[in-house]
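Dear colleague,

Please find the structure below. My notes on it follow.

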Amino acid sequence: MRAGGAAAVMPAETAPRARPPQQGRLARGLHAPGAGIGWRLAMPGRLRMADEIPVLDLAPLLRGERDALDRLGPQLYRAFTGVGFYFIRNTGVPDALVEAAFAAAARFHAQPLDAKLAMPFSVHNQGYLPMRGNTSRMNAVDGVKKPNANEAVFFKRELPPDHPDVLAGKRFRPANQWPADLPGFRDVALDYIAAMEGLGRRLVPIYAAALGLPHDWFDDKFREPMFTLRMTHYPQQEPTAPADEWGLAPHADTSFMTILAQNKVPGLSIRLPDARWIDAPALDGHFLVNGGMMLRRWTNHAFLATPHRVTNRSGQERYAIPFFMDCDYDAVMAPIPTCVTADNPPRYPPFTYLEFMTEYSGANYDQRGRSAAGVALQGA
Ligand SMILES: O=C(O)CCC(=O)C(=O)O
Ligand SMILES: [Fe+2]
């Protein structure tokens with residue numbers, strides 16, 4: 001039941017270049033036949049490249065090279081129309097910070113259960129979700145019946161207790177809960193969050209370039225982006241565990257972007273568009289990035305939200321520290337103009353983060369679950 005082979009990883013330098021966005025064509029009229037990016041969806045040979053997870057080298061971007069976005073955009077486009085995942089390297093995020101964040105996740109979950117339960121999982125999708133505390137429902141790929149064999153803790157943007165949104169009880173805008181007895185934990189988590197938010201914001205203009213938009217097109221929609229840091233513990237699953245018991249059942253994330261630090265312990269596999277499951281390769285010092293349902297909706301299905309799953313039969317404890325980034329709370333995600341054509345009219349009405357997450361969390365609520373622990377939060 002495990003995945004098939006490992007995915008080929010193709011360094012961007014040697015990868016066949018995707019066709020660059022054709023600005024003139026996009027500018028001609030968004031609703032004209034053949035306009036927008038729809039034409040590229042039918043590009044012959046697209047599926048031949050589906051096993052390759054492109055590696056985007058961010059060094060030129062971080063050096064501020066003028067054409068970096070124009071070179072990265074087509075690579076990102078190829079990633080999101082081929083496999084839905086890409087690696088990034090030369091991100092500027094110190095390896096030591098990533099290691100510290102993994103260590104913090106392990107420390108958190110090593111605490112006595114009572115200490116973890118003192119930070120109860122809330123309606124804001126924040127706090128501690130106990131082992132087997134959720135069942136993937138709405139975003140599951142197949143019918144999923146068993147709860148996920150993991151425990152996780154979720155943090156959002158750090159807001160002071162007297163922040164107006166906190167005082168007003170605005171959904172998904174809570175004050176974080178922190179462990180009372182884990183010195184240094186909060187600092188590491190906040191440092192890692194800051195690094196991930198910074199990295200995510202560097203990546204956003206690449207999405208604009210990939211979609212044939214002005215490079216600053218997303219800027220006013222990512223002024224204070226929503227995000228969630230999830231620290232997950234996947235205990236070892238016995239070889240005799242039922243085949244349909246997952247560390248994290250097949251799912252698509254909800255996010256605009258998920259940034260996943262590379263894991264020394266295997267277990268993640270991803271489903272290619274042709275329905276084959278492949279083990280995600282792990283590249284030292286890289287991050288793996290994918291998009292979720294909000295990206296897919298916003299791009300009017302031009303970009304993939306590729307399903308993936310986790311099983312931990314490695315014989316070791318496994319920890320993961322995905323960072324899910326979304327747009328601003330109030331930004332309106334109307335189908336991106338370059339993604340709308342006569343052949344691909346808008347599939348969704350405009351929506352906001354709150355609307356999407358409310359719908360998602362409600363539909364995914366496990367009626368039989370524990371009080372606040374019924375929501376499956378992949379990509380929240
Ligand atoms: O554990 C992993 O490697 C991936 C986790 C994941 O897909 C998620 O939390 O949504
Ligand atoms: Fe995920």
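A polar contact here is a pair of N or O atoms within 3.5 Å; within protein, one must be able to donate a hydrogen and the other to accept it, and residues adjacent in sequence count only if both atoms are side-chain atoms. This is a predicted model, in which local features need pLDDT of at least 70 and side-chain atom pairs count only at pLDDT 80 or more, while totals for chains, interfaces and linings use all residues. Residues are numbered from 1 along each chain as its sequence is written, chains are lettered from A and ligands numbered from 1 in the order in which they are written, and side-chain values use heavy atoms, with hydrogens and water left out.

Ligand 1 has an oxygen atom 3.0 Å from a side-chain N or O atom of His308. The side chain of Tyr234 places an N or O atom 2.7 Å from an oxygen atom of ligand 1, and for a polar side-chain atom of His251 the distance to a ligand 1 oxygen is 3.1 Å. Of the 300 Å² of accessible area that ligand 1 has on its own, the protein covers 98% (Shrake-Rupley method, 1.4 Å probe).

Around ligand 1 there are 14 residues (a heavy atom within 4 Å). The shell divides into 8 nonpolar, 3 polar and 3 charged residues (Asp, Glu, Lys and Arg count as charged; Ala, Val, Leu, Ile, Met, Phe, Trp, Tyr, Cys and Pro as nonpolar; the others, Gly among them, as polar).

Elsewhere, the side chains of Asn150 and Arg230 are joined by a polar contact of 3.1 Å. Asn150 is buried, at 3% relative accessible area (buried means under 20%, with a 1.4 Å probe and protein chains only).

Regards

Definitions and conventions. Buried means under 20% relative accessible area, exposed over 50%, partly exposed in between (1.4 Å probe, protein chains only).
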